[in-house]
Amino acid sequence: MNEVKTYVITGAGSGIGEACAYRLADEGAQLVLIGRRREPLEEVAARTGGLVLTGNAASSADWEMFIPRIIERFGRIDGLVASAGGLGQGTALETSDIRWQQAMQSNLDTAFYSVRACLPSLIEQLGAVVLLGSIASLAAGAGVCSYTTAKHALIGLTRSLAKDYGPAGVRVNAVCPGWVKTPMADEEMQPLMQHYGESLEAAYDRVTRDVPLRRPATAVEIAEVCRFLLSPEASIITGASIVADGGSSIVDVPTLAYEHL
């Protein structure tokens, strides 16, 4: 009989983190749902039975409170999905000290502090970690200096953790989505909607018109990738950056002007 797994999910109240919670719950997993806002976490917990812990995933003090509660409730941590994140808009000259620090905290520190806190139990259980990166982990977009920097650093964190803790049996991988229909991405569509006077759906169509699959991902699709990386089926995969972007990162952008000649 298979043991019930316990998975910790940060940013579990919405978007990819929420989708991961539902997908892992479908497999009978016990869940720890972490985020800043209690109400959306409680809504996810109502459907999954997860343990709700509100706080800042980038705070070691909060993790010092979280871990004893997790171990008291479930006795173990088998996997971590570090899905907490945020925006980081602006060029270097447009990025204040505070905005830089906020982007680093929400996109990089949340992952580091989460993994560090969970590692002792992950080592005991030969567990797995999934860090949520982005195609911004692989290439630079315009006017998102701090976000791009933080997401690039997340790949370095993935590789360092995989190198150091692979001998202990812990696997660590990153998932790098392109556009995903989430509340955060909806927010990023607003300037396009206002500029072109178009709907949210039309804005998504606009940003994915050169993507080979011609559409954004759903949060459920990315959750499936995360589930796979946590599972025994991915037992030989560690230190990898799994790109789930509909093919956008394979496009030879400089040649697009010639496509319809």
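A salt bridge here is a side-chain nitrogen of Lys or Arg within 4 Å of a carboxyl oxygen of Asp or Glu. I wrote that down before looking anything up.

**Entry 1: the model**

I noted that this is a predicted model, in which local features need pLDDT of at least 70 and side-chain atom pairs count only at pLDDT 80 or more, while totals for chains, interfaces and linings use all residues. Residues are numbered from 1 along each chain as its sequence is written, and side-chain values use heavy atoms, with hydrogens and water left out.

**Entry 2: salt bridges**

I looked up the count, which comes to 10 salt bridges. I then took R227 and E224, whose side chains meet in one at 3.5 Å, N to O. They are three residues apart in helix α8 (residues 219-230), about one helical turn. Helices (H or I, at least four residues) and strands (E, at least two) are DSSP runs, numbered from the N terminus.

For exposure I used relative accessible area: buried is under 20%, exposed is over 50%, and partly exposed lies in between, with a 1.4 Å probe and protein chains only. R227 is buried at 17%, and E224 is partly exposed at 33%. Salt bridges that share partners join R23, E27, E224 and R227 into one network.

Next I checked E42 and R38, which form a salt bridge at 2.7 Å, N to O. Both lie in helix α2 (residues 38-48), four residues apart, about one turn of the helix. E42 is partly exposed at 36%, and R38 is partly exposed at 39%.

I also looked at E221 and R215, whose side chains meet in a salt bridge at 2.8 Å, N to O. E221 is partly exposed at 31%, as R215 is at 37%.

**Entry 3: the sheet**

I traced an open sheet of seven strands in the order β3-β2-β1-β4-β5-β6-β9, with parallel pairing. Two strands pair if DSSP finds at least two bridges between them. β3 (51-54) and β9 (241-244) stand at the edges with a single partner strand each, so one side of each has no neighbour in the sheet. Neighbouring strands are turned by 15 degrees against each other on average, direction ignored; the axes are lines fitted to C-alpha atoms, and angles run from 0 to 180 degrees between N-to-C directions.

V8 has L80 as its bridge partner in β4.

**Entry 4: a pocket**

I looked up the second largest pocket, with a volume of about 470 Å³. A pocket is an open set of points on a 1 Å grid over the protein atoms alone, with protein on both sides within 12 Å along at least five of seven lines, and lining residues have an atom within 4 Å of a point. Its volume is the space filled by probe spheres set on the points.

The lining has 19 residues, of which K5, Y7, L230, S231 and P232 lie nearest the centre. By class I listed eight nonpolar, five polar and six charged residues.

**Entry 5: positive phi**

Most residues other than glycine have a negative phi. L126 sits in the loop between α4 (97-125) and β5 (128-132), and is exposed at 57%.

R214 also has a positive phi, near 60 degrees. R214 lies in the loop between α7 (200-207) and β8 (217-218), and is partly exposed at 47%.

Technical notes: On a 1 Å grid over the protein atoms alone, a cavity is a set of points where a 1.4 Å probe fits but cannot get out, and a pocket is an open set with protein on both sides within 12 Å along at least five of seven lines; lining residues have an atom within 4 Å of a point. Ala, Val, Leu, Ile, Met, Phe, Trp, Tyr, Cys and Pro count as nonpolar, Asp, Glu, Lys and Arg as charged, and the others, Gly among them, as polar.
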